[in-house]
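Okay, thanks for having me.

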Amino acid sequence: IRQDAARDNADVAAIARMAGNPEDLETLDAYCTTGSLRGAAERLHLHHSSVARRIDQIAKTLGVDLTEPTGLMRARLALTVWRLLDG
């Protein structure tokens, strides 16, 4: 994929916008890595309800339902592509 095409992808562009908030990026990364609120909470040393609130807000920013497998996969792919582009 050409870099400009990857950057123009709506999911990747949303991750790029979100990257200005390291807390959101760290939360999304933990959630994508573990695939669960409790796993992300443990990794971040937070209560799972705090992570749930963050994930809800991030999902709105991304326009993706992160509780659904397809939404989580989209977020994982977008995060990976963003890192490859801007690593």
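So, helices here are DSSP runs of H or I with at least four residues, strands are runs of E with at least two, and both are numbered from the N terminus. Read along the sequence, that gives α-α-α-α-α-α, so to speak: 6 helices and 0 strands.

Quick housekeeping. This is a predicted model, where local features need pLDDT of at least 70 and side-chain atom pairs count only at pLDDT 80 or more, while totals for chains, interfaces and linings use all residues. Residues are numbered from 1 along each chain as its sequence is written, and side-chain values use heavy atoms, with hydrogens and water left out.

On to overall shape. The C-alpha trace spans about 40 × 25 × 20 Å along its principal axes. The radius of gyration, over C-alpha atoms, is 12 Å, which agrees with the value near 12 Å for a compact globule of 87 residues (that rule is 2.2 Å times the number of residues to the power 0.38).

Now the inside. Buried residues, meaning under 20% relative accessible area with a 1.4 Å probe and protein chains only, make up 36% of the 87.

Take Ile15: beyond its neighbours within four places in sequence, its contacts (heavy atoms within 4.5 Å) include Leu25, Leu62 and Trp82.

How values were computed. Buried < 20%, exposed > 50% of the residue type's maximum accessible area, 1.4 Å probe, protein only.
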